[in-house]
Amino acid sequence: MFKYGGYTGKILRVDLSAGTIEVEALAEEMVRDLIGGNGIAARYLYDTVPAGTDPLSPENALILMNGPVQGTRVPAVGGRTVVVTRSPLSGFFIDAYYGGHFGAELKFAGFDGMVITGRAEKPVMLVIEDGDARLVDASPYWGMKTFVFQKKLRSEENYNESEITCIGPAGENLSPMACIISGVHAAGRGGVGAVMGSKQLKAVVAKGSGGIRVPDMEALEDYCDSIVERMQANPATSKVLPTYGTPAIVAANNKLGLLGTRNYQVEVFPNADDIDGEALHNRAFVKSASCFSCPIGCAKLFRMEGEEYGPAESVGPEYETIWSYGSNLANSDLKSLIAADRFSDEMGLDTISAGSVIGMAIEAFEKGLITKADTGGIELKYGDPKLMMELLKQIAANKGFGKVLGAGTREFGRRFNAEELAMETKGLEIPAHSPRGYPGMAIGYATSNRGGSHQDGRPSAERGGAVDRKQKEGKGEYIVDVQRMTTLADCLVACRFTEGIFGLTTISEDYVDIMKHVTGMDYTVEELFDVADRVYALERAFNAREGATRKDDTLPHRVLNEPIPDGPAAGEFMEPAVFEKELDAYYQKRGWDLKTGLPTEETLRRLKLDDVASDLY
Amino acid sequence: MEREIISVKVRVEGSYPSGEVVVELPNDATLKYLLDKLGSSKHRLSEYLFDSKTGKPAVRLALVNDRSVLQQDFERVNLNDGDKVFFILPVSGG
């Protein structure tokens, strides 16, 4: 029996080239130091994938990991899973998360996670069931869209009660924007689906009948009840998200003048009313759905009649996709947003990166940086949902102009001398939270180890007024604490919607309580800071081996040089001198070197990362 | 002649079915007065504005005619007849 509650204590090591599967014991010291989820996965990635490994080669590792809380009743964390690998889009560390039920089922099946390397000779799926794991021929399923595949598999007797994590054609076609799908949930970012496709791994399927051992089930139940009570008292988690889901925030962001439009050239979308949460709710809402153990039910099934863009029925679009396929492309056709969301999920495509690169390409076309000779004869223009659908098909196929787009905004910029239009950091497209209007979020984007993600730094406190969004001084230090919170939440594989309950800006005592009730481990908040700092330093060290330095902690040209031209936030941007000053403060607070942007040897050794210190120094 | 009663239009993010409501206030009312009034009168918007367990305001930011006002300044901002107030909740994309 594993020493700590919440864990199975077992990790699967799968070598698809050799066709072997081994069960490895989870090291207790690793658990104490890194907790789980992204923390433990980061350690496995660092130890397994040598510097310079081609992300789509057999030597790269695809790591799926649980934290201690998956499978428990702790709200909004129970069914989630993290995928960690070296990104084919950015070339750096990537961690991508998905909700649903898979994480709980994997735990019930007896495993905390898996490290998958190699490449199968033919398509396979990894089937995990009650302590056993085997590789099964998936050739009949190769080429299937994600929903068709999952439905087909569930129709078979062996898998009708299984939870499925899979790729669609975009992953099979090795698009660097391919995601991983489980049910209707996506591990969206960084091309994790392409890594899975490169291994000829169609799916991981889990079914289990086991339970979760915790120190005191009654105490945990009481604690979970108290968290649910707090969620039910909070309007965001009891009213807004259950009713509208994340589309609720479109209207306010547009009112703030911070809804990226036309590739962030402007940040007010005149037609936002046509695609906001109210419009979706009134015109397309069918029903809500929840992840395992979550009382919020933020997932919304939307449906509209007519199939001029394909089936307009989808769980989504979420806020990010309303931005990426909506305002970012000046597209106010609500039906096309639902259809494009559905198409992206079925093909297994990251909607944030895909929408961002299409928006950039249209701007480049309008400015004469590319022509029809580059686009395969297609005229690019904003506000054209049929064009959007066509380009999404091409990106998913990873052919022709779609392959050029799918390589991402950084590569697109290099290819067409259009770097100044690329809205990315470290090669990962930034999402829908304005880096010009939210300076803390901007520093979060710049310093995120995974690149342009709103999941390391967070926009919530600035957007909601918990901190003054217009104040730039101090935001470097501020975002360190926010990232500590997000990093720890990622070790637990917790949904970000817990932040409104557990705290928006730093690690709170709630995390101490969760660890105590689920695992029996006693941490102080300060010790949890160390865990978070250890994990973040480990990710950064992985990137350092791939050549990352301070120069990579930067922001898009537009953010540093072009003030928002009009609207309520007119004039706002991140002045380069202010940014560099705050970046210095950020590094100082973390104990990182100001010149290199890397953890100092002293910091690494303080965090008990002596082997990493020896690697870097 | 200065009006003794003013009307302001109020919305709360995510409360769309409740829509925009018109609230009458004394002509020297501040934003804080408006928030307190909505809470104390158990107005239908109050469940969006306050934590029902602690009774504390859940909103920390408002737009008054599209101008941002942080919670600490609610008491310093006087409202005028015809003002549009939009309260924003700390929700964001997941």
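Predicted model: local features only at pLDDT ≥ 70, side-chain atom pairs only at ≥ 80, totals over all residues.
A residue is termed buried if 20 or more other C-beta atoms, placed from the backbone, lie within 10 Å of its own, exposed if 12 or fewer do, and partly exposed in between.

Figure 1. Buried residues account for 64% of the 617 residues of chain A. Its C-alpha atoms fill a box of roughly 65 × 55 × 50 Å along the principal axes. Local features need pLDDT of at least 70 and side-chain atom pairs pLDDT 80 or more, whereas totals for chains, interfaces and linings use all residues. Residues are numbered from 1 along each chain as its sequence is written, and chains are lettered from A and ligands numbered from 1 in the order in which they are written.

**Figure 2. An open sheet of six strands in chain A.** Strands are DSSP runs (E, at least two residues) and helices likewise (H or I, at least four), numbered from the N terminus; two strands pair if DSSP finds at least two bridges between them. The order is β2-β1-β6-β3-β4-β5, with mixed pairing. β2 (20–25) and β5 (93–98) of chain A stand at the edges with a single partner strand each, so one side of each lacks a neighbour in the sheet.

**Figure 3. Strands β3 and β6 of chain A.** Four bridges join β3 (residues 62–65) to β6 (residues 113–117), and the two run antiparallel. A:L64 stands opposite A:M114 in β6(A).

**Figure 4. The contact between chains A and B.** Two residues are in contact if their C-beta atoms, placed from the backbone, lie within 7 Å. Chain B contributes 24 residues and chain A 41 residues. On the side of chain B that touches chain A, α2(B) gives the most, with three residues.
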